[in-house]
Amino acid sequence: MDGIMTTTHAVEVRNVFKNYGDVEALHDLSLDFPKGELTSLLGPSGCGKTTLLKIIAGLLPATSGEVFVNGETVTGPGPDRAFVFQDFALLPWASVLRNVAFGLELRNVPKSEREAKAEKYIADVGLKGFEHKYPHQLSGGMRQRVGLARALSVDAQVLLMDEPFSAVDEQTRRKFQEDLLDLVQNENKTFIFVTHSIEEAVYVSDQIALLLPRPSRVSEIIRPGGFRHKDPDSIRRDSEYLDIVDDIWKSLRTYVE
Ligand SMILES: Nc1ncnc2c1ncn2[C@@H]1O[C@H](COP(=O)(O)OP(=O)(O)OP(=O)(O)O)[C@@H](O)[C@H]1O
Ligand SMILES: [Mg+2]
């Protein structure tokens, strides 16, 4: 097939194994990420979520197995995918504006165009007025927003988000979740989202993949649906929502016992 597949899924992971020396991180992992949907990866710390995102991004080779993006084999990074890193990955010597515009700089977009785009996304993530600050002058949550603005500005089809909301307070997180859901609704992209929060996954996801502890593969796929944009107070009392959260909690707990 020369690595070409006909597909309705934006991203397909097929029988991926990943070893770091004698540490086996991923073991025969297969998973589909439908276009226009948000898929969350939920699993214990160290199970290989970041590893999987990096393999999809083409930043790390799989030991064996394949990843397809729009039917084409991934052999390295590409403009079709953008990564929001768990540890921000900002350039410490560059301003917020330059950091956000950096993805476009790598794609050789002219300076005035990339700065105009960067300014739009800086405003979208709520950082207007901070364009000329440096990463060390920002809080952790603000740095995460810079990373998010950078990923959005390159207009990639696939957004890989590694715990993008981990460094913010609950209220800000709620605001980010709403912003994310607006993006999912308005832009026909594929969102791949890592979180440690079961509640967050159930709230924002079209599908949730539960991952087994290392060496990881998918143990269960859940399609929660229907809770988006609901009032947070009513959700906390919604019995259907609570049942799904509880089921996931039980599944994850069986791994650590
Ligand atoms: N560069 C590396 N070299 C060696 N081992 C690594 C490397 N990166 C990750 N690992 C190992 O691979 C496993 C999976 O790591 P990974 O960072 O993908 O987990 P994770 O699910 O993202 O964890 P967390 O939830 O804590 O972020 C871990 O056991 C880790 O120690
Ligand atoms: Mg990780």
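1. The shell around ligand 1 is made up of Tyr20, Val23, Ala25, Ser45, Gly46, Cys47, Gly48, Lys49, Thr50, Thr51, Gln86 and Arg214, where a residue is near a molecule if its C-beta atom, placed from the backbone, lies within 6 Å of it. S2 and H1 are the elements that give two or more residues to this shell, and H1 supplies the largest share, three residues; helices (H or I, at least four residues) and strands (E, at least two) are DSSP runs, numbered from the N terminus.

2. This is a predicted model, in which local features need pLDDT of at least 70 and side-chain atom pairs count only at pLDDT 80 or more, while totals for chains, interfaces and linings use all residues. Residues are numbered from 1 along each chain as its sequence is written, and chains are lettered from A and ligands numbered from 1 in the order in which they are written.

3. By class, the shell around ligand 1 holds four nonpolar, six polar and two charged residues; here Ala, Val, Leu, Ile, Met, Phe, Trp, Tyr, Cys and Pro count as nonpolar, Asp, Glu, Lys and Arg as charged, and the others, Gly among them, as polar.

4. Four strands form an open sheet in the order S2-S1-S4-S5, with antiparallel pairing, two strands being paired if DSSP finds at least two bridges between them. Strand S2 (23–34) and strand S5 (72–73) stand at the edges with a single partner strand each, so one side of each is left without a neighbour in the sheet. Strand S4 (residues 64–69) runs antiparallel to S5 and is joined to it by two bridges, with Val69 standing opposite Glu72 in S5.

5. Helix H1 (residues 49–57) packs on the sheet, where it touches strand S1 (9–20), S2 and S4, contact meaning that the C-beta atoms of two residues, placed from the backbone, lie within 7 Å. The direction of H1 makes about 120 degrees with that of S1, with axes taken as lines fitted to C-alpha atoms, for helices over the stretch in contact, and angles running from 0 to 180 degrees between N-to-C directions.

6. H1 is mostly covered, eight of its nine residues being buried (20 or more other C-beta atoms within 10 Å of the residue's own, all placed from the backbone). Among these buried residues are Lys49 and Thr51, which also belong to the shell around ligand 1. Just after H1, Gly58 takes a positive phi of about 85 degrees.

Conventions
Buried ≥ 20, exposed ≤ 12 C-beta atoms within 10 Å, placed from the backbone.
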